[in-house]
Amino acid sequence: MLLWRSIGHTVILYFVVVIAMRLLGKRQIGDMQPSELVMTLLVSEMAAISMQDPDQPLINSIVPIVLLVVLNFALSFGFLKSRFLWRVFEGKESIVIHQGKIKEKAMRRNRITLTELFEMLRLQGFTDPSQLQYAIFESNGLLSVIPYEAHKPVTPAVMSVPVQEPGMPQILISDGKVMKKKLKKLGLNEQWLTNELAARGIGSIQDAFIFTRDECGNIYFSAKEKKKAG
């Protein structure tokens, strides 16, 4: 009986936590503000109470989770109204590189080592701080960089080259299954799809892993990997 109660609590709390996380919004751990990270940890901890101890009433976990979600919405509304409240809970961004020079005081205040700074710069595609007009350490712990114009990547706009926007690629085949609604939306049919696959040496839709097409007609295709014998 205790086992079934534990299983029931786990299943129910799984869905409660999933819904709670959906309401809190999609964020990667590294993109979370401090309050969002704390909220995520607390929701997980509240869910664990009834999962670890089946004798605990399920309501002891559900009520705190709902309360935390409501509190998160209240704080989000408060952040929109008050910059002071935002700074208290989320902190303030800090300029760590200004006109190519590393700001030592800002580094110390944010407890960032030079090793960490250069690692974050490399992840942004830069190795030389002198190429940056600004590097800003955001309140969520990520680094934003603003390079000098001379060191910005060359784009078609800079070179005055006309380009055609391809639009959003639509997945027409996913793991051997046809996305019929998307196919119809583009004014295409399965016969067209079969012909396109045949032109790429694929005789069956089931052998296609992914097939996409954008508004300009550009196609991306990948066949399923063949299983090794034995």
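The model is a predicted one. Q170 is placed in strand β5. Leaving aside residues up to four places away in sequence, Q170 touches K182, L186, F211, T212 and R213.

The pairing of β5 extends to two strands. Strand β5 covers residues 170-174, and strand β7 covers residues 208-213. These two strands pair in the antiparallel sense, over four bridges. Strand β6, residues 177-178, is joined to β5 by two bridges. The β5 and β6 strands also run antiparallel. Within this pairing, I173 stands opposite V178 of β6. The two strands form a hairpin, with two residues between them. D175 sits in the turn and has a positive phi of about 55 degrees. In a regular strand, side chains alternate between the two faces of the sheet.

In one of them, the ring centres of W192 and F211 are 6.0 Å apart and the planes stand at 90 degrees, so the pair is edge-to-face. The angle cut-off for that class is over 60 degrees. This pair links distant parts of the chain. W192 belongs to helix α8, residues 190-199, whereas F211 belongs to strand β7. The two residues are 19 residues apart. Ring pairs link W192, F211 and F221 into a cluster. F211 has 0% relative accessibility and so counts as buried.

Helix α6 spans residues 114-123. Its buried residues are L117, M120 and L121. Viewed down the axis of α6, these residues fall within an arc of 100 degrees, so they line one face of the helix. T115, R122 and L123 lie on the other side of α6 and are exposed. The buried residues of α6 pack against several elements. Strands β1 (94-98) and β2 (101-102) are among them, as is helix α5 (104-109). Strands β3 (132-137) and β4 (143-147) are also packed against these residues. After α6 comes G125, with a positive phi near 90 degrees.

Strand β2, one of the elements packed against α6, contains K101. K101 has 61% relative accessibility and therefore counts as exposed, the threshold being over 50%. K101 and Q133 are 32 residues apart along the chain. Their C-alpha atoms are separated by 8.6 Å.

Values for the whole protein complete the description. The secondary structure comes to eight helices and eight strands. The protein has 230 residues, and buried residues make up 29% of them. Among contacts with a separation of 6 or more, 48% are between residues 24 or more positions apart. The accessible surface comes to about 16,200 Å². Carbon and sulfur atoms account for 60% of that surface.

Technical notes:
Residues numbered from 1 in each chain as written. Predicted model: local features only at pLDDT ≥ 70, side-chain atom pairs only at ≥ 80, totals over all residues. Heavy atoms only, no water. Buried < 20%, exposed > 50% of the residue type's maximum accessible area, 1.4 Å probe, protein only. Arc of directions from axis to C-beta. Contact = heavy atoms within 4.5 Å. Pairing = 2+ DSSP bridges. Phe/Tyr/Trp six-rings, centres within 6.5 Å; stacked < 30°, edge-to-face > 60°. Areas by Shrake-Rupley, 256 points an atom, 1.4 Å probe, with all protein chains shown as cover.
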